[in-house]
Amino acid sequence: DYSAITMFSKSLYIAWYFLLGFLKADFLSAELPDPHLVIISSVEADSTGLSNVLLGSTPDCKDCLTDVCTNDTLTPCTTKFAVGEWVGGSTNVSMLQASSFGEPGGYMKVQNMVDVVKTFLKTSNRFLIVLNSSIHRTEGIFDTNLDQILSQMGALFGRDFWSRVVLGATNWHYDADSVMGRNQSGRNEEWWTDMMSTTIQQRYGVTFNLSAVFIDADAMLPDNVDDPLQTEAFQVETTKLLKLVKNTLSMEMNTLQEQKDDLQNIINKTLTDMEANIEHLISDMTTAKDDIIDNGIDISYVKGVVALNQIDIEEHDKDLDELNTNIANVNETVTFITELVQAQGFECIDHLALNIPGNITSVNYPANYPYIAATLLCSFTLIPESGLSVNLEFVYFKTYNANDYLYITPDGGGSSKYYGTNTPPTTTYDVDQSVNILFRTVGAHMYDFDDIYKFRAIFTMV
């Protein structure tokens with residue numbers, strides 16, 4: 001019964017409210033269910049109705065979201081939170097909504113959202129940027145009210161933030177008249193996605209295409225729920241967004257500066273420990289040398305000294321072991337960021353030269369590589385360490401058609417072309433031989449397709 005579910009949800013939110021009042025510290029340190037979605041909007045786009053329907057409620061729900069602000073002077077609180085079931089289904093999500101950017105107190109709202117994301121949410125899988133499609137209808141036009149928050153998030157978290165951004169179009173209705181009008185004008189979903197992706201690339205220096213969803217919250221109003229066109233489109237678009245959220249590796253909300261500081265602190269401590277150990281060893285060696293000089297070349301005496309100081313030698317061995325451990329810690333620290341990148345994979349978004357192993361993927365992986373109106377060209381150059389060979393294993397490969405293909409060219413060798421389901425074979429190349437991989441697409445329409453057109457390969461050295 002829908003009303004019973006709504007009442008139960010309201011009870012949960014009231015409980016959250018009292019927890020906020022009495023146990024604020026515990027609330028801010030609570031473990032939240034995965035995945036996490038952050039919704040960002042300005043005064044030009046109403047994201048509350050969208051958040052409500054994603055949680056399985058009606059667009060006009062008044063108490064489905066709970067205020068969560070770290071700044072008590074920010075009234076009203078424009079950062080809200082809820083845990084719920086995605087569109088009333090069985091998948092639990094943690095959702096944070098930051099809205100009303102563009103109203104007075106913009107800096108405080110930006111700072112509050114950053115604080116809440118870092119101290120409360122802690123990780124995020126995706127960021128949904130909500131834009132009013134009735135305003136964003138021309139390339140280059142963008143909601144300036146979002147400039148401050150998006151610039152701040154980009155500066156603080158870098159590519160990790162932008163690679164998780166999804167665009168959400170509001171006022172994109174799916175009644176028969178609206179669909180017909182868009183089809184006749186050519187201003188459909190693909191057109192809007194390309195236009196807004198290009199606008200954001202130019203405005204914020206993003207170097208890859210962004211995905212978009214078209215979720216019409218009004219489809220869940222009583223007057224529209226019996227319209228099959230609107231309900232089917234709502235189901236398709238909400239499922240698409242859920243896939244993007246669930247299939248994206250979550251990022252820890254540590255700023256680039258914090259990551260750099262943590263790394264520098266580890267390196268500094270390791271180097272300090274190493275210097276102390278080296279000074280200790282040098283002092284011991286100098287003392288041993290002085291003892292030998294003071295006692296001439298009395299071998300028996302030296303043997304006695306060695307026997308009497310066996311324990312000291314063992315202690316020195318322990319110091320050496322500790323030194324080796326510290327060196328290993330430095331190596332682990334140096335590869336810390338590399339391992340994170342390797343785990344997520346290198347996306348084919350430019351021309352990259354790689355001399356560290358890892359996953360290599362098509363852009364937008366694990367979703368389809370995006371629709372590009374013109375031609376997309378990107379490449380990897382895989383460079384082995386001296387004395388090793390490139391080993392390349394494709395664990396998934398499928399292109400839309402023969403116009404989208406992959407060229408693999410080992411240095412000094414011939415090129416091999418692959419497309420469709422013709423998966424490149426696992427290959428170990430010659431010692432010290434670099435390998436170039438070129439990926440090319442031409443205007444493949446990916447809208448509404450299942451996420452099957454993509455590739456992922458594992459680059460190792462043997």
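Below is a working chat about strand pairing in this predicted model.

Biologist: What should I know about the numbering and the cut-offs here?
Modeller: Residues are numbered from 1 along each chain as its sequence is written.

Biologist: Okay, in what sense do E15 and E16 pair?
Modeller: Strand E15 (residues 405-410) and strand E16 (residues 416-419) pair in the antiparallel sense over four bridges, where strands are DSSP runs of E of at least two residues, numbered from the N terminus, and pairing requires at least two DSSP bridges between them. Within that pairing, Tyr405 has Tyr419 in E16 as its bridge partner.

Biologist: And which residue takes a positive phi in that hairpin?
Modeller: Gly412 does, with phi near 85 degrees, in a hairpin that has five residues between the strands.

Biologist: How many bridges does E15 share with E18?
Modeller: E15 pairs with strand E18 (residues 435-442) over six bridges, in the antiparallel sense, and Thr409 stands opposite Asn436 in E18.

Biologist: Switching topic, what is the strand order in the five-strand open sheet?
Modeller: The order is E10-E12-E19-E14-E17, with mixed pairing. Strand E10 (346-348) and strand E17 (427-431) are the edge strands, each pairing on one side only. The twist averages 25 degrees from one strand to the next, taking axes as lines fitted to C-alpha atoms and angles from 0 to 180 degrees between N-to-C directions.

Biologist: Do E12 and E19 run parallel or antiparallel?
Modeller: Strand E12 (residues 358-362) and strand E19 (residues 454-461) run antiparallel, joined by four bridges, and the bridge partner of Thr361 in E19 is Arg456.

Terms used: Predicted model: local features only at pLDDT ≥ 70, side-chain atom pairs only at ≥ 80, totals over all residues. Heavy atoms only, no water.
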